[in-house]
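This report describes how two parts of one chain meet. The sequence and the model come first.

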There are 2 protein chains.
Amino acid sequence: MKLYEFAPAPNAVRVRIFIAELDLEIARVHVDTRGGENLSDEFKSKSVNGLIPLLELDDGTTLCESVAICRYLESTVATEHSLFGDTALEQAQVEMWHRVVEFQGLVPAMQAFRNITGLFKDRENIVEAWGVESRLRLVEFLPTLDQRLANSRYLAGDNFSIADITAFSMIRFIKLLKIELDDSLPNLQRWFEQIAQRPSIKALD
Amino acid sequence: MKLYEFAPAPNAVRVRIFIAELDLEIARVHVDTRGGENLSDEFKSKSVNGLIPLLELDDGTTLCESVAICRYLESTVATEHSLFGDTALEQAQVEMWHRVVEFQGLVPAMQAFRNITGLFKDRENIVEAWGVESRLRLVEFLPTLDQRLANSRYLAGDNFSIADITAFSMIRFIKLLKIELDDSLPNLQRWFEQIAQRPSIKALD
């Protein structure tokens, strides 16, 4: 297997954390997305969404979309706890919290970043006012995570899950938007510092 | 179990189709989201994201997020094929196509609708230029689905899946944005007409 990625991108970060949690080693291929390497016909023939990360299996089958890649990778190893939840209810709760983090956290973070910085204005129309609005909604969302973590060890319950991985990657990324976890978010701060000690995070390069 | 919903919303539609595919009957509770009923403290205490649909289990446990609800519901019944895929690779392919449809289809559709119509301007800031841009990106995305359906019976492969349900609900919804499947999208047209014949779709009210 080979993982095509642009290492600093939050979607690449969350897949690398997931891989380290599974104790897998996978060859990585650098794709210069900032320079537009993912816009080539060759890359687009492999990736439905034209984005990294992209997983290529040994038989040439390719999978894009971070969460699809994680789901497939977990199926290849035995784990004590699934990062997608064990029981049917836990799986639903992981899905719920993961989607809340994605739709109210990661999506606005990406839209804020792209529309405020204009990093990809060579290939997409930018609406700066939407970037500003997205950043605002993201800041207003963080207390939801803080309140949850006042009553729960991890976002989806007692076990570390992909919801924590995505939330951690998102919070690490939004420093670029000058959003820091201040003292109004004590539970989120504590959780973030605790997650940062995991070997899978310390191994990030 | 009880399902809280606002029937015309695309997320409510896709969960109702999913429920009908499973041959389940679940009591439905109308929530007047247009009138802001979901903004009440009572509703917010049940729903992490403050949105419909919301599933309440008999023990009072609640689940929001459409896909989390679908995942839980499928676990309560025996099915020949899972709507989330059977083998590990199929599950990853369903996840991939479902997320492509959500992030490049449903998300822009919702953002276009809310920002162009201003339907919720009593409770959120509107950026009309982003609505227009989102509509444009959505129109540019539809050929990806058409090309896929030139070579595949359903979006994720040989079996009908949640990716088809979400795509169908999205295409039904974007008529409100004056986007129709014209003759430049013959495969998508054919697939849409075929899906529309399923009993789960005909049962929609």
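The area buried between domain 1 of chain A and domain 2 of chain A is about 1,300 Å², and carbon and sulfur atoms give 64% of it. Buried area here is the accessible area (1.4 Å probe) that two parts lose on being put together, summed over both. Of the area that domain 1 of chain A buries against domain 2 of chain A, 42% is supplied by Pro10(A), Arg14(A) and Arg34(A), more than any other three residues.

This is a predicted model, in which local features need pLDDT of at least 70 and side-chain atom pairs count only at pLDDT 80 or more, while totals for chains, interfaces and linings use all residues. Residues are numbered from 1 along each chain as its sequence is written, chains are lettered from A in the order in which they are written, and side-chain values use heavy atoms, with hydrogens and water left out.

The bounds of the two domains come from an automatic or database domain assignment.

| Domain of chain A | Residues |
|---|---|
| Domain 1 | 2-75 |
| Domain 2 | 88-198 |

Taken over C-alpha atoms, the centres of domain 1 and domain 2 of chain A are separated by 21 Å. The contact (heavy atoms within 4.5 Å) takes 16 residues from domain 1 of chain A and 17 residues from domain 2 of chain A.

Three salt bridges are counted between the two domains of chain A. A salt bridge is a side-chain nitrogen of Lys or Arg within 4 Å of a carboxyl oxygen of Asp or Glu. The side chains of Glu95(A) and Arg71(A) meet in a salt bridge at 3.7 Å, N to O.
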